[in-house]
Each structure stands twice: as structure tokens, then as C-alpha cells.
Amino acid sequence: MRMLEKCPSGRLPNVFDGTVIEPSLPTEINAIPGGPLWAAGGMSITDEAGHPLEERNRFSLCRCGASENKPLCDGNHSRQSRRGRPMSSNSFQVGDTVEWNWGNGTGTGDIVKQFTAKVTRTLAGSEIARNATDDDPAFLIEQEDGDRFLKFQSELSRT
Ligand code: FES
């Protein structure tokens with residue numbers, strides 16, 4: 001029964017004597033790092049044609065675009081990440097080579113550290129701060145010459 005309560009999709013509710021037993025959850029939507037959006041609290045959700053989905057206390061909603069059962073997550077996000085296709089969140093890892101817009105060109109470097117909370121570093125004599133979050137983490141990037149940069153994920157792309 002505990003496993004069913006932890007299932008983010010709520011697809012298999014607890015049923016006892018014909019009564020659905022669901023945990024009381026606050027109404028909220030959160031991004032699961034590297035996975036779907038988790039909607040809880042008995043929201044009403046419709047598909048793209050405006051048809052309501054079955055009523056559930058919990059839904060896992062696809063945000064990678066790979067689900068074959070949209071708007072629901074079908075677990076394909078994990079196959080996507082194994083193929084090297086990035087999710088919209090946490091798509092880079094330490095060791096990845098990335099680039100960003102820099103002047104009229106681009107900068108390139110390797111990620112050496114990831115941050116998901118506010119971070120401050122002194123780089124090239126200037127204090128640089130980023131309010132990093134799970135949804136838009138910041139990365140410390142080092143170039144071949146040793147110069148370091150602090151960039152949001154949203155500023156980066158793969159080389
Ligand atoms: S987020 Fe799970 S399949 Fe897209």
C-alpha cells in the first residue's frame with residue numbers, strides 16, 4: 001500500500017472495499033529533476049483537445065516531449081536521457097563541453113561543478129552570483145586556459 005501512495009502518477013490508487021483511498025495532498029505542480037511535472041491535489045487536467053483526463057489525485061505530466069501518451073509521462077524521458085537527448089531541466093553534467101554567447105562569438109568550456117541553490121564566485125576579479133534552482137541550475141565552467149565562468153543552464157548549449 002505504501003508503494004502505491006508513493007507512485008507519482010497515481011495510476012494505481014489504493015482501493016479497499018471498493019473505496020479509493022488516496023493521501024491528502026496540497027494542490028501543487030513541481031518539476032521532478034530529469035523527469036516529468038508532478039501535479040497533485042486533485043487538479044482537473046485536460047488533453048490538447050480539451051477533453052478531461054480521468055480523475056486522479058496525482059498526475060505525472062510529460063515535459064520532455066517523448067511520451068507516447070501525452071500529456072501524461074510514460075517513462076520515455078529516461079530513454080531520452082540515456083540517448084544523450086537533454087531534458088529541459090538538469091540536462092548538463094559535470095564533464096560536458098558547452099558553449100554560450102560571448103560578445104560577437106561564443107565561449108566554450110567544460111562543466112566542472114553544478115549548483116541548484118544561490119552561488120557566488122569571484123571570477124577574474126569580479127564577484128559573480130547566480131540564483132540557481134533545480135529548474136535552472138548554474139554551472140561553473142572552465143576553459144582550456146583556466147579561465148572560469150558561472151552560467152545558468154538556460155545560457156548554455158551543447159557544442
Ligand atoms: S517527462 Fe516522462 S516521458 Fe516525458
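## Close-up views of a predicted model

**View 1. An open sheet of five antiparallel strands.** Five strands, in the order β11-β10-β7-β6-β12, form an open sheet with antiparallel pairing. At its edges stand β11 and β12 (157-158), each with a single partner strand, so one side of each has no neighbour in the sheet. Strands here are DSSP runs of E of at least two residues, helices are runs of H or I of at least four, and both are numbered from the N terminus. Two strands are said to pair if DSSP finds at least two bridges between them. The model shown is predicted: local features need pLDDT of at least 70 and side-chain atom pairs count only at pLDDT 80 or more, while totals for chains, interfaces and linings use all residues. Residues are numbered from 1 along each chain as its sequence is written.

**View 2. The whole chain as context for the close-ups.** The secondary structure of the chain comprises two helices and twelve strands. Along the sequence these elements follow the pattern α-β-β-β-β-β-α-β-β-β-β-β-β-β. The chain has 159 residues, of which 16% count as buried. A residue is buried if 20 or more other C-beta atoms lie within 10 Å of its own, exposed if 12 or fewer do, and partly exposed in between, with C-beta atoms placed from the backbone. Of the contacts between residues at least 6 apart in sequence, 39% join residues at least 24 apart. Two residues are in contact if their C-beta atoms, placed from the backbone, lie within 7 Å.

**View 3. Strand β10 and its two partners.** Strand β10 (residues 138-142) is mostly covered, with four of its five residues buried. Strand β7 (residues 105-115) runs antiparallel to β10 and is joined to it by five bridges; Phe-115 stands opposite Ala-138 of β10. β10 also pairs with strand β11 (residues 148-152), in the antiparallel sense and over five bridges. Here Ile-141 has Phe-149 of β11 as its bridge partner. β10 and β11 form a hairpin with five residues between them, and Gly-146 in the turn has a positive phi of about 95°.

**View 4. The largest nonpolar core.** Seven residues make up the largest nonpolar core: Val-98, Ala-138, Phe-139, Leu-140, Ile-141, Phe-149 and Leu-156. β10 gives the most to this core, with four residues. A nonpolar core is a set of buried Ala, Val, Leu, Ile, Met, Phe, Trp, Tyr and Cys residues joined through C-beta atoms within 7 Å. Apart from neighbours within four places in sequence, Phe-149 is in contact with Gly-107, Gly-109, Leu-123 and Ile-141.

View 5. Strand β6 (residues 97-102) pairs with β12 over two bridges in the antiparallel sense. Within this pairing, Glu-99 stands opposite Ser-157 of β12.

**View 6. An open sheet of three antiparallel strands.** The order β3-β4-β5 describes an open sheet of three strands with antiparallel pairing. Its edges are β3 (28-31) and β5, each with a single partner strand, so one side of each is left without a neighbour in the sheet. On average, neighbouring strands of this sheet are turned by 20° against each other, direction ignored; axes are lines fitted to C-alpha atoms, for helices over the stretch in contact, and angles run from 0 to 180 degrees between N-to-C directions. Four bridges connect β3 with β4 in the antiparallel sense, and Asn-30 stands opposite Trp-38 in β4. Ala-31 has Leu-37 of β4 as its bridge partner. The hairpin of β3 and β4 has five residues between the strands, and Gly-34 in this hairpin takes a positive phi near 75°. β4 and β5 run antiparallel and are joined by four bridges, with Trp-38 opposite Ser-60 of β5.

**View 7. Three loops.** Pro-52 lies in the loop between β4 (37-40) and β5 (58-61). This residue counts as exposed because it has 9 C-beta neighbours inside 10 Å. Not counting residues up to four places away in sequence, Pro-52 touches Ser-44 and Thr-46. The loop between β5 and α2 (76-82) holds Pro-71, which is joined to Lys-70 by a cis peptide bond with omega of about 10°. Ala-124 is placed in the loop between β8 (119-123) and β9 (126-130). Phi of Ala-124 is near 50°, a positive value in a residue other than glycine. With 8 C-beta neighbours inside 10 Å, Ala-124 counts as exposed.
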